[in-house]
Amino acid sequence: MNDHMLYDVVLKITYEYENTASGGRQVLRLMPAHIEGRQNFISGSLDISPKLDERNDRLDFFNNALTEVAFQGSYDEIIFHVKARIECLEQVQSLNIAPTLDGLKREIASVTALDFISPHHFMGQSQRVRINQKIKEFALSYVQDAMTVVEIVEAIGKGLYKVMKFDAEATTVDTPMEEAFEKKHGVCQDYTHIMIACLRSIGIPAGYVSGYIRTIPAEGEKRLEGADAMHAWVRAWAGHDCGWIEFDPTNNKAVNTDHIVIAYGRDYDDIAPVKGIMKTYGASTTKQGVDVIPIVDKIAQTA
Amino acid sequence: MAKKSKTIKSQDERVADVINGYARMEGVADELLNHDGTIRPVWQEFINFFSSLSDATIQKRFARGDQYLRDAGVFYRRYDQGDANERDWPFSHIPIILDEGEWDHIAQGLIQRADLLEYVMADLYGAQDLVTQGHLPAELIAATPEWLRPMVGATPKSGSFLHLLAFEIGRGPDGTWWVLGDRTQAPSGAGFALENRVATNHVFADHYAKMQIHRLAGFFKRFRSSLMDMAAPDDCGVGILTPGRLNDAYYEHAYIARYLGFMLLEGEDLIVHQGKTMVRTVDGLRPISVLWRRLDSSFADPLEFNEASILGTPGMANAVRNGALNMVNALGSGVLENRFMLAFLPRICEAIRGEKLLIPNIASWWCGQEKERDQVLGNTENLMFGPAHSTFLPFEQNEMFSLMGNGEHVALRDQVLNNGQDYVAQEAIKLSTTPVYIDGKLRPRPMTIRVFLARTENGWDVMPGGYARIGQEKGETVLALQGGGQVADVWIKSQGEIERESITDTQGKTFVRQVQDVLPSRAADNLFWLGRYIERSEMMMRMARGYHIRLGENEGQPTPLLQFMSHHFAKFEVEEGAPLAKTINATLFSAMGSAGHVRDRFSNDGWAALKDLSRTAQIVANDVPDGDEAANAYHIMLRKISGFAGLVHESMYHYTGWRFLKIGRALERASITASLLDYFTKTGVPDGALELPVEICDSTMTHRRRYLVTTNSDTVVDLLALDGMNPRSILYQINDFKEHLSFLPGQSDQVYLSDLAKTALKIHTDLSVSHPDDLEKGYFKDLEEDIYTLCNMLNEAYLS
């Protein structure tokens with residue numbers, strides 16, 4: 001197996017308005033990130049129509065790249081078109097030197113910093129993640145004595161995958177995580193928020209990862225859920241030595257070269273792909289198309 | 001002789017009467033009396049004066065203050081039982097009097113605290129040394145919703161994060177002052193303090209003038225100039241950013257905007273354009289770079305903070321980051337209000353400044369530390385517990401609890417034990433009491449004072465006075481203020497002469513006329529609609545009066561004419577089948593809504609007149625029987641509404657905003673008149689129908705004098721549509737509209753007429769050259785449509 005994967009990522013989001021809209025300002029987090037030792041950003045472009053009045057590229061608190069755009073005139077359609085070539089590097093499973101929950105607690109307490117990698121940001125409640133007794137009990141049911149944090153993260157991720165039913169129709173972007181958990185259904189966003197709540201409820205710092213996953217599975221593997229849209233999964237802090245680890249509860253998989261990261265945040269609210277989209281009176285429709293094609297496959301296709 | 005000495009008491013006796021009935025509470029300090037029961041010297045003069053007043057005089061004086069507050073429309077809003085009602089101002093007429101020397105000590109302590117808070121704020125949004133060095137726990141800050149991550153690394157344009165602060169202080173049993181909480185997000189109350197001062201001045205005018213009490217105007221004047229100094233040269237002014245009329249302190253925002261001459265702006269009045277903040281005005285986008293923020297930071301920008309906020313302006317946070325906008329106070333300043341801060345500030349002060357807090361804050365312990373938690377749980381005597389991340393003062397919400405006593409509170413104690421990081425324990429200090437006049441006697445009640453500090457070019461300026469809150473009940477701790485009480489003025493008594501300055505003082509210049517007239521589009525829109533709603537309700541009142549007079553004449557029996565009328569009224573219905581009285585009530589309610597949005601542009605008299613009108617309409621809608629009684633009620637309402645119109649016409653300055661009000665009125669009158677003519681001059685109308693439009697348009701007398709024939713459709717049309725001399729005619733309204741339009745931005749400086757002016761001119765010309773005979777069937781229906789077109793064009797050009 002390759003120790004790295006090369007992908008062409010294509011994303012097209014289209015908003016169509018029944019009545020002409022005008023003006024508006026958005027913040028976009030759509031472009032794959034460059035992460036040393038994890039993911040190489042080779043090239044990329046973000047094209048937008050109609051013509052922009054303003055565009056500003058910068059980093060947010062969690063060091064994610066974002067693009068703020070503003071339109072002035074009127075329009076009845078907005079298109080965001082992302083193209084990027086990304087290399088994903090194989091993550092070698094290191095020795096499991098992660099602490100237990102008690103050890104983790106001490107390690108967290110020893111961190112006296114609030115920079116963007118500090119685990120403190122990823123504890124307790126955040127805008128979209130709330131902790132309740134039921135979630136905590138659910139999380140604890142997967143924890144056994146002497147388990148390391150890495151083992152606990154995987155156990156909870158797997159456990160969640162087992163009890164949840166993937167259902168793209170059951171929830172919307174604004175469905176509260178409690179409801180998705182209660183009814184045990186939803187999409188990647190719901191899986192991710194519930195798993196974050198589980199981890200935080202037992203003292204493991206956890207955050208939200210937005211990104212893409214490969215569209216066509218590697219040979220002999222089944223097609224990944226969420227491949228036809230943008231995806232989300234979980235990141236958890238497993239102590240100083242192991243650092244941040246990632247798990248995809250929707251696909252019951254430890255994250256490796258199938259996943260391309262866009263941004264890291266506490267939950268969806270920190271890093272929603274598009275914020276501030278125009279709401280006009282009258283109907284509007286949104287279409288999203290994603291293709292994440294491994295370059296080798298592409299060569300094979302054209303050959 | 002002996003008899004006389006019994007009825008007329010000496011001053012000493014009268015003072016003794018006042019004092020003897022004053023049951024001072026044990027174990028707490030009192031503002032009026034020393035521990036030995038003697039009067040504090042600073043109160044002596046006031047008590048001498050007060051004791052010379054008879055009970056009746058006191059009531060009369062108090063009533064004067066209350067009348068002022070009612071006339072001024074001072075109210076506050078409370079959100080209980082799910083509805084937001086305006087409540088009467090709970091004013092306690094007796095001021096709190098403090099000595100200048102003691103006040104100086106308080107001022108020094110609060111200036112030190114303000115500097116300390118500025119340091120902490122700059123650190124939390126900058127280097128974060130306090131966290132890395134262990135003075136503030138990282139986990140506490142990370143869990144604070146008011147610590148806004150997007151603002152980390154942003155330095156304020158003016159160089160300072162904090163510009164206006166308030167501190168809630170109280171006096172402990174041994175006489176020392178304590179800080180109960182810091183207000184740093186968007187402190188309210190400075191305007192209320194000013195209103196309380198005006199009100200006490202109405203109550204004790206003669207006495208106040210004689211006593212040497214520090215005035216408040218100078219503080220506001222210096223704060224105003226410090227804000228104006230921050231503005232850029234091409235700014236259209238300084239804005240006060242308000243969450244809008246549903247906020248509990250909206251009245252204060254409007255009041256202070258009017259007082260300081262600042263624009264009152266809501267989020268939708270602003271737009272970020274090419275990195276700059278602009279006001280949407282009727283004259284296009286105009287730059288602004290200083291906003292006094294009365295809106296919580298997290299609502300200020302839906303792109304970076306609370307996405308659900310509809311009160312904010314997208315892009316505002318980035319404008320601040322780019323140094324294009326001065327926010328007073330900086331976005332994210334709410335972090336300093338968290339209860340847990342009080343547990344760390346004393347040590348931070350010592351570590352950073354090498355000195356103790358001059359005025360301590362109430363002793364507080366964060367229960368997230370094992371040692372502290374065990375200590376406070378070990379001895380819960382005189383402690384209160386509350387959420388660590390709450391930004392409320394101890395008495396503002398019923399969120400504080402006590403763990404005193406045995407066996408009780410097991411669940412709460414377990415909460416603190418297991419989730420210590422979520423709780424702070426605080427000393428439940430016993431507050432001092434101050435006199436309140438209840439049932440003809442002075443009684444002691446616990447109080448706190450909110451003190452305001454403004455940053456000026458000469459450093460922090462302390463308002464010599466404050467906003468006092470007084471507990472309802474006799475209780476002694478801070479918790480006695482829970483559930484609301486009264487408010488009072490605070491007098492700082494000087495030993496020497498005081499400076500008497502007013503907000504309108506101008507340096508050396510005797511006369512400064514402010515020419516700038518920036519009218520935000522939203523304000524113009526509200527004035528336009530206010531004009532329309534008022535006119536609409538007036539026309540409907542006339543219709544209703546006409547109807548009820550005829551109903552009364554027919555002993556309540558339906559006639560063809562009455563049915564014909566009702567059918568027309570249905571046009572205005574807000575809900576199907578609702579009687580006209582209900583519709584009138586609803587329309588006036590809408591008028592109040594529009595007026596409420598532009599409280600800062602509205603005189604108090606105008607507001608009071610409108611409120612009175614709306615109240616009457618409500619009574620008429622609910623309680624007045626049809627027929628003669630209703631007709632009478634409409635007589636009264638029509639008198640009231642013409643009173644309001646008179647105020648607008650006679651007293652409102654002819655700013656651009658006034659023109660929008662007049663335009664709204666003219667276009668509404670024109671369109672309703674057109675619809676009346678369309679309906680009531682048709683062929684085959686019931687007997688007497690032709691009289692109605694003339695009557696509704698208040699032109700009966702004119703008609704009689706002007707035409708020597710009986711009423712026919714030609715005379716009616718001529719008088720109500722085509723006669724330019726009749727102030728009720730459609731032609732007159734269009735003429736009026738054209739006149740006002742010519743004063744609006746972008747109308748007079750063009751070589752060619754604007755589309756709006758062209759359309760108006762066409763309508764005008766058509767009406768001017770027509771004779772009743774020329775008008776084809778359906779003319780007035782089309783005319784009504786044309787007038788709506790004018791409204792839409794006006795909306796497009798100025799109001800959106």
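How many bridges join strand β1 of chain A to strand β6 of chain A, and in which direction do the two strands run relative to each other? In this predicted model, 15 bridges join β1 (residues 4-22) to β6 (residues 74-89) of chain A, and the two strands run antiparallel.

- Strands β1 and β6 belong to an open sheet of 4 strands in chain A, whose order is β3-β6-β1-β15 and whose pairing is antiparallel.
- At the edges of this sheet lie β3 (39-49) and β15 (284-294) of chain A, each of which pairs on one side only, and the twist from one strand to the next averages 10 degrees.
- As a general point, the strands of a sheet pair through backbone hydrogen bonds, and they may do so in either a parallel or an antiparallel manner.

- Of the area that chain B buries against chain A, 36% is supplied by Arg149(B), Leu303(B) and Glu307(B), which is more than any other three residues supply.
- The contact involves 22 residues of chain B and 22 residues of chain A.

**Polar and charged pairs**

- There is 1 salt bridge between chain B and chain A: Arg58(A) forms a salt bridge with Glu304(B), and their closest N and O atoms are 2.7 Å apart.
- The count of residue pairs in polar contact between chain B and chain A is 7, with both residues at pLDDT 80 or more.

Technical notes:
Residues numbered from 1 in each chain as written. Chains lettered and ligands numbered in written order. Predicted model: local features only at pLDDT ≥ 70, side-chain atom pairs only at ≥ 80, totals over all residues. Heavy atoms only, no water. Pairing = 2+ DSSP bridges. Axes fitted to C-alpha atoms, helices over the stretch in contact; angles between N-to-C directions. Contact = heavy atoms within 4.5 Å. Buried area = accessible area lost by both parts, 1.4 Å probe. Salt bridge = Lys/Arg side-chain N within 4 Å of Asp/Glu carboxyl O. Polar contact = N/O pair within 3.5 Å; in protein donor to acceptor, adjacent residues only side chain to side chain.
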